[in-house]
Amino acid sequence: MKLTVTSRDKTQFIDITSEIQNQVNIQGIKSGLCFVFIPHTTAGITINENADPSVQSDILNVLNTVIPWELNYSHLEGNSPAHVKSSIVGASEIIAIENGQLALGTWQGVYFCEFDGPRTRHVNIKFIEDR
Ligand code: ZN
């Protein structure tokens, strides 16, 4: 199945944990694996702290500092920093499902990472169920 995510900023973390858990509930998966994949080259998926939003802004600040918008990039589209961030962060995550719940730590959330927004994006989700 597929989630639609709409970003509003150039770079932005969007918490999609509850949308993924909602799909676990709809599919009725009690135990297994959840594979989350984004079909984009200028976005990412990561798991990190869901309690203090300043953690997300700090991660974005570091990425935007280490990978500046202005550099001697060759890519004509002009969004090379977004491509670099996408490769560093990665395009997928695998999360265990236990007792019908994503087996995340207390302080973990799943984030769609926009690096070249604002845009409408997609997140593909596949489940492997234990038998
Ligand atoms: Zn490009």
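Analyst: Buried means under 20% relative accessible area, exposed means over 50%, and partly exposed lies in between (1.4 Å probe, protein chains only). The model is predicted, so local features need pLDDT of at least 70 and side-chain atom pairs count only at pLDDT 80 or more, while totals for chains, interfaces and linings use all residues. Residues are numbered from 1 along each chain as its sequence is written, and side-chain values use heavy atoms, with hydrogens and water left out.

User: Which residues are the protein donors of the zinc ion?

Analyst: Donors are N, O and S atoms within 2.8 Å of the metal (3.2 Å for Na, K and Ca), and sites may look incomplete without water. Here the zinc ion is held by His 75 (NE2), Glu 77 (OE), Asn 79 (OD1) and His 83 (NE2), at 1.9 to 2.2 Å, and along the chain these donors follow the spacing H-x1-E-x1-N-x3-H.

User: Are Glu 77 and Asn 79 buried or exposed?

Analyst: Glu 77 counts as exposed because its relative accessibility is 54%, whereas Asn 79, at 4%, counts as buried.

User: How many aromatic pairs does a search of the whole structure find?

Analyst: Rings of Phe, Tyr and Trp (its six-membered ring) pair if their centres lie within 6.5 Å, and planes under 30 degrees apart count as stacked, over 60 as edge-to-face and the rest as tilted. The search finds two such pairs. In the tilted one, Phe 13 and Tyr 111 lie 5.9 Å apart, centre to centre, with 35° between the planes. Phe 13 belongs to strand E2 (residues 12-15) and Tyr 111 to strand E7 (residues 108-114), so this pair ties together parts that are 98 residues apart in sequence; strands here are DSSP runs of at least two residues and helices of at least four, numbered from the N terminus. Phe 13 is buried at 10% relative accessibility, as is Tyr 111 at 1%. The rings of Phe 35 and Phe 37 are stacked, because their centres are 6.3 Å apart and their planes are at 15°. Phe 35 is partly exposed, with a relative accessible area of 32%, and Phe 37 is also partly exposed, at 33%.

User: What is in the largest nonpolar core?

Analyst: A nonpolar core is a set of buried Ala, Val, Leu, Ile, Met, Phe, Trp, Tyr and Cys residues joined through side-chain atoms within 4.5 Å. The largest has 19 residues, and Ile 16, Ile 20, Cys 34, Phe 112 and Val 123 have the most contacts inside it. Among the elements that each supply at least two residues of this core are helix H1 (17-27), strand E5 (92-98) and strand E8 (120-129). Another core, of eight residues, lies apart from it and includes Leu 60, Ala 82, Tyr 111 and Phe 115.
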